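This report describes the packing of helices and the arrangement of strands in a single protein chain. The sequence and the model are shown first.

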Amino acid sequence: MAQPEWMSIFQIKTNDLPEEHSWRLQFDENIVPDSPNSGWKQYIRNTSAWFKCTSCGRGWPSNRVMVLFNMRLTEREGVVKVRTFRQNCKKCNAAPMEKPTITPDNIDILLENLVKKIRIKCYHEDLGEAQRPYQTLEVNNPHEPAHCEACIAGYCTRG
Ligand SMILES: [Zn+2]
Ligand SMILES: [Zn+2]
């Protein structure tokens, strides 16, 4: 269940890429960091998001939300796979992992940075490495490694 903003913002951002290729975005829960399939490039960013527990309804913000992209350009089309890492509620017992809700502004920033990476990695354009920083949320509690999917898998500390 993807937020619809992802698709519309992705279309706008990839419009500026060279016309001979169409680009599409797919969510994929199975990709993992540092093992892109052959021919695929990786891009990892951190962002902020809100989470909501489906057991108790409690919500919490986080500034440590990992987003993993894998991208590949073939002769005619480009594909981007994206996975957003989940968190679960610290108040509930065995609470289910919840997907982040990222603000449209931060989706815009993520995808703008992504398209810049595509230009560098897939079109070999000589662009600087500067990236637009994400907008942080006011977070009053420390990050909870035991309740973060990326921490549990050992990926979270980077970025
Ligand atoms: Zn809960
Ligand atoms: Zn974490």
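Which residues does the UniProt annotation "domain: 3CxxC-type" cover? According to the unreviewed UniProt entry, this domain covers residues 46–154. In the model, which is predicted, the end C-alpha atoms of residues 46–154 lie 15 Å apart, and the span is 20% helix and 28% strand.

An open sheet of mixed pairing is formed by four strands, in the order 1-4-3-2. Strand 1 and strand 2 each have a single partner strand and stand at the edges, so one side of each is left without a neighbour in the sheet. On average, neighbouring strands of this sheet are turned by 25 degrees against each other, direction ignored. Strand 3 and strand 4 pair in the antiparallel sense over seven bridges; the bridge partner of F69 is V82, in strand 4.

| Strand 1 | 22–27 |
| Strand 2 | 41–52 |

**Helices**

Helix 2 lies across strand 2, strand 3 and strand 4, and runs at about 175 degrees to strand 2. Helix 1 (residues 4–14) packs with helix 2 (residues 104–121) at an angle of about 40 degrees, the axes being 9 Å apart. Helix 1 is therefore oblique to helix 2, and the crossing is right-handed. Helix 1 contributes E5, W6, I9, F10, K13 and T14 to the contact, while helix 2 contributes P104, I107, D108, L111, E112 and V115. By class, this contact has seven nonpolar, one polar and four charged residues.

Technical notes. Residues numbered from 1 in each chain as written. Chains lettered and ligands numbered in written order. Predicted model: local features only at pLDDT ≥ 70, side-chain atom pairs only at ≥ 80, totals over all residues. Axes fitted to C-alpha atoms, helices over the stretch in contact; angles between N-to-C directions. Helix = DSSP H or I, 4+ residues; strand = E, 2+ residues; numbered from the N terminus. Parallel < 35°, antiparallel > 145°, perpendicular 65-115°, else oblique. Left-handed = near helix turned anticlockwise from the far one by under 90°. Contact = placed C-beta atoms within 7 Å. Nonpolar A, V, L, I, M, F, W, Y, C, P; charged D, E, K, R; others polar. UniProt positions renumbered as here; feature names shortened; annotations may be inferred. Pairing = 2+ DSSP bridges.
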